[in-house]
Amino acid sequence: MSSQQDDLKETDTEARFEFKKEEKSAFKSEKGLTEETVRVISEDKDEPEWMLERRLRALEQFQEMPMPTDWPGQPDLSEVDINEIVPYIRPDIDKRGGADSWEDLPEEIQDTFDKLGIPEAEKNALSGVGAQYESEIVYQNMQERWEEKGVIFCDMDKAVQEHEEIVREHFMTKCVPPSDNKFAALHGAIWSGGSFVYVPENTTVEMPVQAYFRMNSEGMGQFEHTLIIAEEGSEVHYIEGCSAPKYSAFNLHSGGVEVFVGEDAHVQYSTVQNWSKNTYNLNTKRAIAEKGGRMEWISGSMGSKATMLYPSTILKGRGASDNHITIAFAGEGQDIDTGAKVYHNAPDTKSTVESKSIAKDGGRTNYRGLVHIADGAENSSTAVECDALMFDNESTSDTMPYMEINESKVDVAHEATVGKIGDEDIFYLQSRGLDDDDAKQMIVSGFIEPITEELPIEYAVELNRLVELEMEGSLG
């Protein structure tokens with residue numbers, strides 16, 4: 001094992017996420033969102049005219065839409081002032097679109113991803129890796145054996161240039177149009193970076209591909225776009241990691257994810273988000289599943305000041321299915337509002353939603369979900385299960401499920417439980433030799449096990465460690 005690997009093993013999780021680097025950029029836009037800002041971003045990327053036109057239309061829609069303020073129990077977004085955000089920072093690297101080797105990156109960027117353990121994960125457990133720093137991908141690699149089978153894994157900026165036809169067809173047209181919500185429109189106007197994944201028919205990518213998104217600068221916004229297209233009979237697992245150090249000024253993350261699941265294809269999208277407590281995390285993620293297609297969302301959300309995140313799936317074809325598994329953690333001053341949306345638009349479709357939330361020190365979690373079963377989607381089924389765990393009387397946990405059932409021949413189930421860690425549970429574990437903190441950690445680990453067991457072992461260990469640090473109040 002190399003000395004670098006030894007250093008990584010000895011670096012605790014808290015230190016890996018909380019470090020900061022001096023800001024160094026090749027280009028930095030002015031604060032705020034104007035037409036000139038949008039044109040500058042598009043020009044700096046040398047985009048085709050159609051992409052600039054889509055950005056400008058999205059800008060118009062953003063300006064026309066009100067800020068969401070009337071949702072029952074929604075997080076407070078009054079601090080989110082787009083005019084105070086720097087929307088675009090291009091990192092200072094030699095090669096646009098990502099270096100071919102970690103060693104080709106500037107030392108401070110290379111050190112960032114070394115601390116996060118990304119190069120090591122690439123060696124041991126991944127088919128491909130993309131790493132974004134600020135507003136652009138700085139490293140991108142795909143194992144040659146998958147490239148030979150026609151699998152594409154590149155950054156979105158490169159995809160716009162080199163895979164223009166398929167991107168133009170799918171980018172914010174059918175899945176997440178800018179008209180969906182105000183932050184989708186914001187994203188459509190100033191998106192930058194992100195991943196493009198294309199898997200040909202009947203191709204199974206046996207090891208996951210991963211993208212990691214790191215915000216380093218104070219007061220910036222990150223708006224990466226992920227587009228995944230899995231053709232008929234294909235299979236891929238995409239893992240997304242996110243983090244940022246804490247600053248006094250707020251940061252904004254408003255990513256966009258579009259997933260197209262072909263007939264009898266299978267896509268798993270796993271994300272572990274560990275934003276700092278000055279970050280507002282406001283994403284739009286959606287999948288469309290064709291006949292027999294299978295979509296899985298596995299999400300861990302923690303660390304941000306406020307999160308509004310509801311991955312959704314449109315079950316378009318007969319026999320399509322969707323599975324959501326989420327975990328949310330809220331500590332002092334945090335409002336984590338997460339959930340799922342599923343649209344059953346065809347017969348024999350199936351969905352399951354399993355949500356786990358943990359709140360302590362006055363934090364708030366909320367499950368906000370929608371299941372829609374259309375007229376004619378007979379023999380469809382859905383099951384929603386929400387479990388909440390609270391540490392104290394100051395914390396809160398809410399459940400807001402919405403069911404729109406327009407077909408009688410369906411099976412619908414919903415279950416919600418809220419519990420508090422009891423003194424008798426702690427006492428029993430202490431009688432077995434554990435101290436108070438270890439006893440609580442064991443209870444929480446058991447509570448979230450159904451989620452962590454769905455992740456590759458490296459990420460399950462990381463998620464457990466992040467939850468442990470949140471319980472200690474050590475992060476962000």
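Asp-157 counts as buried because its relative accessibility is 15%, where buried means under 20% relative accessible area, exposed over 50% and partly exposed in between, with a 1.4 Å probe and protein chains only. This is a predicted model in which local features need pLDDT of at least 70 and side-chain atom pairs count only at pLDDT 80 or more, while totals for chains, interfaces and linings use all residues. Residues are numbered from 1 along each chain as its sequence is written, and side-chain values use heavy atoms, with hydrogens and water left out.

**Salt bridges**

- Asp-157 forms a salt bridge (a side-chain nitrogen of Lys or Arg within 4 Å of a carboxyl oxygen of Asp or Glu) with Lys-45, the closest N and O atoms being 3.1 Å apart.
- Lys-45 lies in the loop between H3 and H4 and Asp-157 in helix H8, so the pair ties together parts that are 112 residues apart in sequence.
- Lys-45, at 9% relative accessibility, counts as buried.
- Between Glu-47 and Arg-55 there is a salt bridge whose closest N and O atoms are 2.8 Å apart, and both Glu-47 and Arg-55 are buried.

**Helix H4**

- Helices are DSSP runs of H or I with at least four residues, numbered from the N terminus, and the buried residues of H4 include Trp-50, Arg-55 and Phe-62.
- These buried residues of H4 pack against helices H3 (35-44), H8 (156-162), H9 (164-170) and H10 (182-190).

**Confidence**

- The mean pLDDT (the predictor's confidence in each residue, from 0 to 100) of the chain is 84, and 82% of its residues reach 70 or more.

Terms used. Helix = DSSP H or I, 4+ residues; strand = E, 2+ residues; numbered from the N terminus. Contact = heavy atoms within 4.5 Å.
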